[in-house]
Amino acid sequence: MARVESTSIRVSTSSRFQLVDITARIQEWLATINAGDGILLVYSPHTTAGVIVNEAEPGLMEDILDLLREITRPGGGWRHNRIDDNAHAHLAQVLVGDSRVIPVARGSLALGTWQRVMLLEMDGPRSRRLNLVYIGS
Ligand code: ZN
């Protein structure tokens with residue numbers, strides 16, 4: 001039988017649009033549960049914030065936010081903006097997804113050299129919660 005461990009972490013964002021590198025916090029939790037080999041689910045239970053895996057180079061992080069702003073047009077004529085001025089954030093979350101599953105090897109996230117796990121905030125600043133679920137040895 002595989003072990004299943006779970007927790008949630010709080011991530012505070014300070015801008016309307018922001019990427020927050022959460023790799024170290026996830027790794028710290030994997031250490032506290034003495035993880036072995038398995039998989040980790042990182043899940044955002046939010047409709048306006050997602051999870052991505054990519055390079056946390058500051059210029060690229062701004063490029064990613066610019067791309068998503070261009071595609072989702074904050075303040076554009078979306079129907080949802082009639083009741084809640086954040087349609088762009090919902091649409092960005094639809095595009096990037098609510099979660100990632102990452103392999104864990106000998107207790108560490110098995111990421112590529114340049115890969116980092118990041119929270120995508122599109123309607124901040126807010127306090128966000130991310131659910132982490134580890135399944136493995
Ligand atoms: Zn909304």
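Backbone and surroundings

Modeller: Valine 4 lies in strand S1, residues 3–12 (strands, E, of at least two residues and helices, H or I, of at least four are DSSP runs numbered from the N terminus). At 57% relative accessible area, valine 4 is exposed (over 50%; buried is under 20%, partly exposed in between, with a 1.4 Å probe and protein chains only). The model is predicted, so local features need pLDDT of at least 70 and side-chain atom pairs 80 or more, while totals for chains, interfaces and linings use all residues. Residues are numbered from 1 along each chain as its sequence is written, and side-chain values use heavy atoms, without hydrogens and water.

Further along, asparagine 34 has a positive phi, near 55°, though it is a residue other than glycine. Its place is the loop from helix H1 (23–32) to strand S3 (38–43), where asparagine 34 is exposed at 61%. Arginine 73, also not a glycine, has a positive phi of about 45°. This arginine 73 sits in the loop between helix H2 (58–72) and helix H3 (87–96) and is partly exposed at 42%.

Then comes the metal site. His80 (NE2), Asp84 (OD), Asn86 (OD1) and His90 (NE2) coordinate the zinc ion at 2.1 to 2.2 Å, with the spacing H-x3-D-x1-N-x3-H along the chain (donors are N, O and S atoms within 2.8 Å of the metal, 3.2 Å for Na, K and Ca; water is not among the atoms, so sites may look incomplete). Asparagine 86 is buried at 3%, whereas histidine 90 is partly exposed at 21%.

Lastly, the peptide bond from glycine 124 to proline 125 is cis, omega near -5°. Proline 125 belongs to the loop joining strand S7 (116–121) and strand S8 (127–136).
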